[in-house]
Amino acid sequence: MSETTRDFYIAPSILSADFARLGEEVDDVLASGADIVHFDVMDNHFVPNLTIGPMVCEALRKHGVTAPIDAHLMVKPVDRLIGDFIDAGASYITFHPEASDHIDRSLQLIRDGGCKSGLVFNPATPLSFLDYVMDKVDMVLLMSVNPGFGGQAFLPGTLDKLREARRRIDASGRDIRLEIDGGVKVENIAEIARAGADTFVAGSAIFKARNEVDPHHYDSVLRELREQLAGMSSRP
Ligand code: DX5
Ligand code: ZN
């Protein structure tokens, strides 16, 4: 990997993995060059789907996964699960501002537990939730689909929102990652990077590239995603 591409993180969303062999799927995608494991937690209340919780995160750690685990909490209320994910070995914990009555406190809970904290913005959620907490976030995550399901199309209005989020992060002078989640593919990752993202969640684009014949079956899609980012820098 060249210096210019090292700052970009690719974060496969295991929502699209084969849950019956999740440990191997995570091993395979990391061996193929992924940087972070994106872990989607849905509660059938905040979002209309039900997925996996802290026990599965802990199981991945026990299985031997040492890469950062990026827990995206789509649950309400959120504070109790923050504690559970800290104990389960999460690295990043992000939540939606609508899911917490006390955003500042929830962010502090995450950092007090030794994890990196982040706020997630649905397509219609304003970035103004960042106004008074820029010093308490390590990651800003913009949803480019309405959360709940993999395989949806990227909402193009997110590009302007990314530019605005990038402007705010750069103006803060802080080391804050800008993550994008939903509909990221080989065809659009370059445009998304140009709009300011440095961390790319991709679920269906990566796991649909599964090829049971090839033991390195995620190598080619990860290479194609990185090729699109080659020569760009995540920092201005
Ligand atoms: C959507 C989840 C995403 C999802 C992305 O609610 O937060 O992480 O898995 O899937 P793709 O990449 O298929 O849009
Ligand atoms: Zn997600």
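**View 1. Strand β4 and its two neighbours.** I93 has S117 as its bridge partner in β5. Strands β4 and β5 (residues 116-121) pair in the parallel sense, over four bridges. Two strands count as paired if DSSP finds at least two bridges between them. From β4 the chain crosses through helix α5 (residues 103-112) to β5, and this β-α-β crossover is right-handed. Right-handed means that, with the strands pointing away from the viewer, the path from the first strand over the helix to the second runs clockwise. Helices (H or I, at least four residues) and strands (E, at least two) are DSSP runs, numbered from the N terminus.

This is a predicted model: local features need pLDDT of at least 70, side-chain atom pairs count only at pLDDT 80 or more, and totals for chains, interfaces and linings use all residues. Residues are numbered from 1 along each chain as its sequence is written, chains are lettered from A and ligands numbered from 1 in the order in which they are written, and side-chain values use heavy atoms, with hydrogens and water left out.

β4 also pairs with strand β3 (residues 69-74), again in the parallel sense and over four bridges. Here L73 has F95 of β4 as its bridge partner. The chain runs from β3 through helix α4 (residues 79-87) to β4 in a right-handed β-α-β crossover. Strand β4 (residues 92-95) is covered on both faces. Y92 and T94 lie on one side, I93 and F95 on the other, and all are buried. Buried means under 20% relative accessible area, exposed over 50%, and partly exposed in between (1.4 Å probe, protein chains only).

View 2. On its own, ligand 1 has 380 Å² of accessible area, and the protein covers 100% of it. Accessible areas come from the Shrake-Rupley method with a 1.4 Å probe.

**View 3. S204 in helix α8.** S204 is found in helix α8. S204 counts as partly exposed because its relative accessibility is 21%. Leaving out residues up to four places away in sequence, S204 touches S16, G151 and K185. Contact means heavy atoms within 4.5 Å. S204 and S13 are 191 residues apart along the chain, yet their C-alpha atoms are separated by 7.9 Å.

**View 4. Strand β8 between β1 and β7.** β8 pairs with β1 in the parallel sense over four bridges, and A202 is the bridge partner of P12. β8 also pairs with strand β7 (residues 177-181), parallel, over three bridges. There, V201 is the bridge partner of D181. Helix α7 (residues 189-194) carries the chain from β7 to β8 in a right-handed β-α-β crossover. In β8 (residues 199-202), T199 and V201 point one way and F200 and A202 the other; all are buried.

**View 5. The buried residues of helix α2.** In α2 (residues 22-31), L22, G23, E25, V26, D28 and V29 are buried. They pack against β1 (9-12), β2 (37-42), α3 (54-63), α8 (204-207) and α9 (219-229). G33 follows α2, with a positive phi near 115°.
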